Amino acid sequence: MTYFTWAQLYPSHVKTPRPLREKKKEATRRALLEIGNRLFHRKGFEATTIDEICEEVGISRRTFFRYFPNKEALVFPHRHERLDRFVAFLMNAPPDERPLATLRRTSAVFAREYMANRAQLVAQQKLIQTSPDLLAREREIDRDWEAAMARAFRERTGPGHASELRARVFAGAAIGVIRATMRHWFSIDGKADLARLGDEALDCLDRGFSLE
């Protein structure tokens, strides 16, 4: 099975000179991600131990935990940075822009990035489907995104019970649409334009659902 490298899945957008110590730390982090995911795809996530990963990288178990809190973090290494970036898009939208329009514009940016790393992301999702621990972590990430969306839209609409309810309902509907679209995209091995699929799904949310 194809496995992804850290550089492929999380390309650097800004390159600035860094001290040698920082470069070494970054190299170790990259090695942990690449070797860990290679072993996960070859042996299975549950069957791969932290000790095995450390041995191949050439570091101690104690050093591993300076970089990552657990094995699952090797599969979702940038979950917080991605979420922060997503929320920043929502919060920096024009004040008069409809929430759905903001979500549509933001989703298009992420869709293009996912399309650029299609093979790696499909392989990653196949790995996640083999592990109850990874599936549980994925659901946790979904809840984080839903809560963050609700907070972002609540702040944009102002205080009040009605605003709180609208924000929560919209965030719940949005994460449902996003997750369903991603599941469909993964089920066809990413062989469709994700931006187009996202637009179609958000169109349904915008006009209301029916079976017709």
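A pocket is an open set of grid points, on a 1 Å grid over the protein atoms alone, with protein on both sides within 12 Å along at least five of seven lines. In this predicted model, the largest pocket has a volume of about 690 Å³. Its lining consists of 36 residues, and those closest to the centre are Tyr-114, Trp-145, Ile-178, Arg-179 and Met-182. By class, the lining residues of the largest pocket divide as follows.

Several helices contribute to the lining of the largest pocket: H6 (79-91), H7 (99-116), H8 (118-129), H9 (132-157), H10 and H11 (194-207) each supply at least two residues.

As for the overall fold, the protein contains eleven helices and zero strands. Of its 212 residues, 41% are buried. When contacts between residues at least 6 apart in sequence are counted, 70% of them join residues at least 24 apart.

The largest nonpolar core has 49 residues, and Leu-74, Val-75, Leu-103 and Met-149 have the most contacts inside it. Helix H10, which spans residues 161-187, gives the most to this core, with nine residues.

Which residues is Val-75 in contact with, leaving aside its neighbours within four places in sequence? They are Asn-37, Phe-40, Phe-45, Gln-124, Leu-127, Ile-128 and Leu-134.

Methods
Residues are numbered from 1 along each chain as its sequence is written. This is a predicted model: local features need pLDDT of at least 70, side-chain atom pairs count only at pLDDT 80 or more; totals for chains, interfaces and linings use all residues. Side-chain values use heavy atoms; hydrogens and water are left out. A nonpolar core is a set of buried Ala, Val, Leu, Ile, Met, Phe, Trp, Tyr and Cys residues joined through side-chain atoms within 4.5 Å. Buried means under 20% relative accessible area, exposed over 50%, partly exposed in between (1.4 Å probe, protein chains only). Helices (H or I, at least four residues) and strands (E, at least two) are DSSP runs, numbered from the N terminus. Contact means heavy atoms within 4.5 Å. On a 1 Å grid over the protein atoms alone, a cavity is a set of points where a 1.4 Å probe fits but cannot get out, and a pocket is an open set with protein on both sides within 12 Å along at least five of seven lines; lining residues have an atom within 4 Å of a point. Grid points are joined across faces, edges and corners, and a volume is the space filled by probe spheres set on the points. Ala, Val, Leu, Ile, Met, Phe, Trp, Tyr, Cys and Pro count as nonpolar, Asp, Glu, Lys and Arg as charged, and the others, Gly among them, as polar.
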